[in-house]
Amino acid sequence: MEEDIKPDIKPVIDEAPKEPDDKKTSLCVALKILKKYNLNSTAETLKKEANLTDSAYNTSELDVNNALNIFKSQGDPSVYENAYITLSKFVETSLDIYKHELSCVLYPVFVHMYLDLVCNRYEAEALKFMNKFGPVQESYYQADIKHLAVITKKEELDDNALISNYKSNEFVVRMSRDTLSLLKRHLKEKKQTVLLDIVQENLFFDVYEGIARNKQQIDAVAGGMIGEGTRQDNKSRVYYGLLKEPDLQTAAATVNLDEDEEETQESEKPKKKKSKSNPLLSKKTKIDPNAPPLDRMPLPQLREIDKKIKVQAVLDSAKRVALNHETLPSICCYTLLNCSNAVNCATISDDATMLAVGMANSRVRVWSLVPQKLRAMKTADQLLDIDLESDDVMHRILDDRSAETTRTLLGHYGPVYQVSFSPDKTLLLSCSEDCTIRLWSLLLWSCVVAYKGSYHPVFDVKFSLHGYYFATASRDRTARLWATDNYQTLRLFAGHFSDVDCCQFHPNSNYIATGSSDRTVRLWDCVTGEQVRLMTGHKGEILTLCFSNEGRVLASAGNDCNVLLWDIAHGHLVAMLTGHNGPIYTITFSRDSTILATGSHDCKIMLWDYSKLLEDLSLDDMNVHNPTVVNNSSKYLLRAFGTKNSPVIHLFFSRRNIMFCVCSFNSPQSN
């Protein structure tokens, strides 16, 4: 309330800035120029001669900006419009070979001209400039332009995250050397100071040698909030290979090999199979030259239960159906009823025995997908009578009397955005709008840990394929790496310019991929915490990510209804698949990496021929500097399946290549 302001504190009235004296202005500008060209020793000498302290120097930094703004504001605001029209005509009349790359500078120049007009209090001229040139910008920038158009006063500039991104970061434009020379020549000939200053101060040109790119190549990678990723961003080596699998032959002796073969059981066969080594488990995996060293990322030691799970997975893979364009997968669809607009996420355990769903009412529901019901652990007194050394201890500690088909987990006090099972199915992670990540025990059916590392909603959480580690994506524009036994974050991945909407572990657990509302996909090194890949090309928020089984290709999709495939060895976009008419919520690869499945809000599941796509791509022979992007989607589309007014929220391939689908039915009345 204004009445509560103390009389001795004078409110600051934002009047027109006072013009500084000429001596101080000259000193400020000189220091700014010296700092810009990294002449630090000369700047220090000038500070000493002028008797400037550090505090005075920091103040002078503000005076520089004020002084420069004053000098700019004394000019004619129509200069901005004339300069932009001149630049647009130059781009339009250029040769076709250069035109498309030159057009990349129009949007960032438009943004900074508008911000300059608002900053200099030319509100009417800024509105006119926005209405005239805003609608002609590329369609994928229109959402950002709408946010900019709301800002019409200088006082509104400070608290806007989008404007802060533009002001504090240079817009990256990838351009051939010949195209850049043509642009520089134009700027020098026209001698338009306003345009030249904006280009020099707010644009970064990632120059390459060779022929200028065509429109198709530019459009494929355009759309990032602050431009494309530079080549320097993708130069680090990425160990995308898979880790060597452990020896499972000894663990196989304790596994009932005929557990799932009731239809063919005979009295003598189990003994014969147990006495012989299984050839599937005796195979020695080849050492992948692209795999990280085994000691690079400290992974948890395999327990006996982990080895049994891996043995069972190998045995299940022997019964896997080989998929191709003639043999499509069988699809088992679970539709959630009477929950219109109440289901946010769903996931299925790796052995396809449990389904977990995150609800908008802050609840987590877990269902059993097999006849065996969900059991809880016995009481402490009952556990004292159990032999902990017995082979079936995990079965003995569970109480059959508590078995239920479904269970509800209560603890969050906001919508649950994502859930994730641990590899051994004993733990479940969930994240929520309440800014917490909760770890649930599926033996106790209660929350055992609540992780709090952010003051913003957490949108995604994923367990590592090796367990123990998990990753989160948050509204605070960061992703984080955690360990289940540590309350604190192990790594903080900062670099996105907007909400981080999704995250995904690489199959070797050494890297984490993130997708953001800034329309970029980034790859982070879990060991160093550094960003090793920056990939642009999406035209909307990225909602889902999935690595291929061999670890070389990353698939991403989101609100732009497109599926993009990235070669993470070089960070290049290699394919674009189009066909959906709504946001894509889920992507998954078949277990034998032959089919890519996508599910969307348009109530469709699409199957793509991934094996044929790889044949056409020839990743090893690809041109590293200027790769070809495959975008003939109809060539690779195998089949599209429709649901009955039920958006697809989760897809999953079982170990035997049966595809599971989770949908949420929306009645026509709710729409």
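Reader: Does Ser593 count as buried or exposed?
Author: This is a predicted model, in which local features need pLDDT of at least 70, side-chain atom pairs count only at pLDDT 80 or more, and totals for chains, interfaces and linings use all residues. Residues are numbered from 1 along each chain as its sequence is written, and side-chain values use heavy atoms, leaving out hydrogens and water. Buried means under 20% relative accessible area, exposed over 50% and partly exposed in between (1.4 Å probe, protein chains only). The relative accessibility of Ser593 is 15%, so Ser593 counts as buried.

Reader: What is the phi of Ser593?
Author: Most residues other than glycine have a negative phi. Ser593 lies in the loop between strand E26 (584-589) and strand E27 (595-600); strands (E, at least two residues) and helices (H or I, at least four) are DSSP runs numbered from the N terminus. Ser593 is not a glycine, yet its phi is positive, near 55°.

Reader: Which loop holds Trp445?
Author: Trp445 is another residue other than glycine with a positive phi, about 55°. At 11% relative accessibility it counts as buried. Its loop is the one between strand E12 (437-441) and strand E13 (446-451).

Reader: How is helix H4 oriented relative to H6, roughly parallel or roughly antiparallel?
Author: Axes are lines fitted to C-alpha atoms, for helices over the stretch in contact, with angles from 0 to 180 degrees between N-to-C directions. The axes of H4 (residues 78-93) and H6 (residues 106-119) come within 11 Å and cross at roughly 175°. Angles over 145 degrees count as roughly antiparallel, under 35 as roughly parallel, 65 to 115 as roughly perpendicular and the rest as oblique. H4 and H6 are therefore roughly antiparallel.

Reader: How many nonpolar residues are in the contact of H4 with H6?
Author: Contact means heavy atoms within 4.5 Å, and the residues making it include Tyr80 and Leu87 of H4 and Phe110 and Met113 of H6. Ala, Val, Leu, Ile, Met, Phe, Trp, Tyr, Cys and Pro count as nonpolar, Asp, Glu, Lys and Arg as charged, and the others, Gly among them, as polar. One residue is polar and one is charged, and the number of nonpolar residues is 10.
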